[in-house]
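Subject: Structure handover

Hello,

Here is the structure I said I would pass on. My notes on it follow below.

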Amino acid sequence: MNKLSLKAIWHVMQRNYMSFTKMLRISIFPNLFDPLLYLAAMGIGLGHFVGTVNGMPYLTFVTLGLVAATAMNAANAESTVNAYIMMRMDKTYYEMSTGPISLPDIIVGQAFWSGIRASFFGTLFLIIATFLGTVHSWLALLIPFVLVILGILFGFLGLTFALLAPTRDYLNYYGMLLIQPMYMFSNTFFPTDSLAPWLQKVTWFSPLTHAVAIIRSLSTNGIILSGDFVWLIVVMIILSVPPILIVEKKLNY
């Protein structure tokens with residue numbers, strides 16, 4: 001494996017940024033439609049019957065959970081479907097690798113861009129949450145940085161599956177069997193302490209669970225949960241290893 005180049009990684013991110021700006025207008029609504037739908041059905045609809053959860057209105061509970069979930073989905077879309085098309089169909093990775101950019105550089109650049117994309121869409125939803133009156137602390141300004149870490153983490157995870165998937169259809173299994181359960185069972189719509197003890201232990205390993213806890217704490221209490229943040233950093237570093245190691249074997253251009 002070639003040594004990673006910060007300059008090459010930056011160029012990969014620049015390329016993705018230029019592509020993103022061309023599609024920005026038509027990509028905002030699809031990325032926000034799903035969380036807005038859940039917000040209307042769960043936060044506003046069900047919220048009239050639930051009352052408070054963990055000492056906060058259910059609307060606040062759900063809305064802040066959806067900030068992290070929106071970021072996760074944005075990173076997942078970038079690192080799976082978009083990345084697979086660039087790897088296998090459009091051969092974008094091949095074209096970039098013909099220059100002074102290695103495949104590991106591309107993987108890291110793609111994961112970092114996934115983090116930026118996740119933070120962008122997560123922050124848009126955070127703005128909606130602010131207008132709904134669910135943000136009560138200035139420390140919520142730190143949330144976009146948390147979303148970047150969360151997005152990079154899921155960027156590396158999604159890229160690993162994109163590299164291993166024999167066809168594009170196999171990415172649906174990753175979404176259905178891993179991403180969707182995390183979306184639903186990571187403290188987003190109901191507190192995990194209401195689950196069975198064995199399931200609580202399972203949900204603790206979900207990165208989304210820790211990101212949601214950090215975001216709720218920053219928005220309502222103004223408290224930084226350093227333990228959860230360190231855990232996200234550690235998991236991000238661990239998940240960065242597999243795609244960097246296997247990319248040159250799986251993409252034998």
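What should the 25 residues of helix α10 span, and what separates its end C-alpha atoms? At 1.5 Å a residue, helix α10 (residues 226–250) should span 36 Å, and the distance between its end C-alpha atoms is 37 Å, so the two agree. Please keep in mind that this is a predicted model.

The whole chain

The protein chain contains 10 helices and two strands. Along the sequence, their order is α-α-β-β-α-α-α-α-α-α-α-α. The radius of gyration is 18 Å, close to the 18 Å that the globule rule gives for 253 residues, so the protein chain is as compact as a globular protein of that length. Along the principal axes, the C-alpha atoms fill a box of roughly 60 × 40 × 35 Å.

Of the 253 residues in the protein chain, 48% are buried. Among contacts with a separation of 6 or more, 80% are between residues 24 or more positions apart. The protein chain exposes about 12400 Å², and 69% of that comes from carbon and sulfur atoms. As for charge, there are 13 positive and 9 negative side chains, and the centres of the two sets lie 4 Å apart.

Helix α10 and its cover

Back to helix α10. Its buried residues are Asp-228, Trp-231, Leu-232, Val-235, Met-236, Ser-240, Pro-243, Ile-244 and Val-247. What covers them includes α5 (103–131), α6 (143–164), α8 (197–204) and α9 (207–221).

Leu-153 gives a view of this from the side of α6, the helix in which it is found. With 0% relative accessibility, below the cut-off of 20%, Leu-153 counts as buried. Leaving out residues up to four places away in sequence, Leu-153 touches Pro-207, Leu-232, Val-235, Met-236 and Leu-239. Leu-232, Val-235 and Met-236 are also among the buried residues of α10. Between Leu-153 and Met-96 there are 57 residues in sequence and 23 Å in space, C-alpha to C-alpha.

Thr-60

Which helix holds Thr-60? Thr-60 belongs to helix α3 (residues 58–89). The relative accessible area of Thr-60 is 6%, so this residue is buried. Thr-60 touches Thr-134 and Thr-220, not counting residues up to four places away in sequence. Thr-60 is also 8.0 Å from Gly-133, C-alpha to C-alpha, while the two are 73 residues apart in sequence.

Two asparagines with positive phi

Asn-54 sits in the loop between β1 (52–53) and β2 (56–57). Its phi is near 55°, which is a positive value in a residue other than glycine.

Asn-187 also has a positive phi, near 70°, and is likewise a residue other than glycine. Where is Asn-187 found? The place of Asn-187 is the loop between α7 (171–185) and α8. Is Asn-187 buried or exposed? Its relative accessibility is 12%, so Asn-187 counts as buried.

Regards

Technical notes:
Residues numbered from 1 in each chain as written. Heavy atoms only, no water. Helix = DSSP H or I, 4+ residues; strand = E, 2+ residues; numbered from the N terminus. Rg over C-alpha atoms; globule rule 2.2 N^0.38 Å. Buried < 20%, exposed > 50% of the residue type's maximum accessible area, 1.4 Å probe, protein only. Contact = heavy atoms within 4.5 Å. Areas by Shrake-Rupley, 256 points an atom, 1.4 Å probe, with all protein chains shown as cover. Lys, Arg positive; Asp, Glu negative; His and termini not counted. Charge placed at Lys NZ, Arg CZ, Asp CG, Glu CD. Expected span 1.5 Å × (residues − 1).
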